[in-house]
Amino acid sequence: MFNLLIIDDDALTRTILQRTLKNQGYAVSVANNGQDGLEQALQIKPALIISDWLMPEMDGLEVCIKVKTNPSLSTTFFILLTNQAEVEDRIQGLDAGADDFLSKPIDPDELKARVRAGLRIHQLNQDLQAKNQILEQVTQDLQTKNRTLEQVTQDLNLQKQVLEVELSEASAYVRSLLPDPLVGSVTVNSRFIPSSRLGGDSFDFYWLDSDCLAIYLLDVSGHGIGSALLSISVLNVLRSQSLGGASFYNPSQVLQALNEAFPMENHNDKYFTIWYGVYNQTKRQLVYANAGHPPGLLLSPTVTTADQVKQLTTEGWGIGLFPDNQFVNEYCNIEPSSTLYLFSDGVYEIMQPGNKLWGLDAFTHLLLKHEATNTADLDQILHHIQGICTQTGVLSDDASLLQVRFS
């Protein structure tokens, strides 16, 4: 059972949080001020802390800093409870080490979802820490014992197996966060194929209201746990719509707020590209903005050649690269029975014999071929792409593909 700690000087808020989380089966401790909360945290080592931002003497930011700088609490997931909605406040919280935010008044469903997500990340970090301890022990053994080459090889193979299992578990967790297919006036299908290395692809689509559908796909630079964790963080921020004053109906505002909240110098020099759009089904209009991501490809029923495929893109560097990054919106009318494809560059940046890149044009021709023969099934498309990979048939990068059909 996970131990949770609630720190809040308001008795009503403490009671609501404690009762809701206890009903979920968690062991919950409470503190009515920052100093008492910090002392309890050092004693019980909670998996997750929910702390009010504004408290007398020691506020939530100070508690967060002290928790995050204490090695014994390094895997504790920290949620700041706040009614401060400005982007600058969120950035201040992220700089202090906060992992997530929960707005007042508290929504029980949002509370449960954020706690579950935080505990999954806490468990993943604990597992990583345990594996690192194993690796440190192996290193110490190598320095103190006269091992044979065969013994060293066996140990390294064991650690490789442990890391492969770890990466496989992390990849499965990333896949578990991705959305189910959408059926209705707009049909959305998706596929995610992880490469042999854990990467940073993620995507989502959901109705902002009865008329407007938000769609986005992002790709974090690099590979490994760091890229995956940043991708998860961005996905959670967008899914919870916790970007201060940004309107999630306005793609350029969303990208601007993300650029302010995720500077690469605060995230191990990692940045990400993203395509974000909102479709209004009443107006049959799509507004979109792009931050260094591959263009969306819009195929209408009258399109027969690659020249007629509309590439939906705008100017803008990747998120986190430059503080003065600027983003713009573009608009596109959607014909009935049109199809929009969104994807990461892993679906087309495939090396061919002779060091030749397969490329975006070839991928566009492949989509046209399948659309023309009414065989535009995502599994068939990805099967064709995997067949292009030389020798192994394994992609060198994560591949994400969304197919959005407008009725």
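In this predicted model, residue M1 touches G25, Y26 and A27 when residues up to four places away in sequence are not counted, a contact being defined by heavy atoms within 4.5 Å. M1 is located in the segment before strand 1 (3-7), where strands (E, at least two residues) and helices (H or I, at least four) are DSSP runs numbered from the N terminus. With a relative accessibility of 78%, M1 counts as exposed, because this term applies over 50% relative accessible area, whereas buried means under 20% and partly exposed lies in between (1.4 Å probe, protein chains only). Between M1 and V188 there are 187 residues in sequence and, from C-alpha to C-alpha, 38 Å in space.

Rings of Phe, Tyr and Trp (its six-membered ring) are taken to pair if their centres lie within 6.5 Å, and their planes count as stacked under 30 degrees apart, edge-to-face over 60 and tilted for the rest. By this rule, nine aromatic pairs are counted. One of them joins W317 and F322 edge-to-face, at 5.7 Å centre to centre and with 75° between the planes; W317 is exposed at 57%, while F322 is partly exposed at 38%. W358 and F363 also form an edge-to-face pair, at 6.4 Å and 70°, and here W358 is buried at 17%, as is F363 at 0%. W358 and F363 belong, with F343 and Y348, to one aromatic cluster.

Residues are numbered from 1 along each chain as its sequence is written, and side-chain values use heavy atoms, with hydrogens and water left out. Local features need pLDDT of at least 70 and side-chain atom pairs count only at pLDDT 80 or more, whereas totals for chains, interfaces and linings use all residues.
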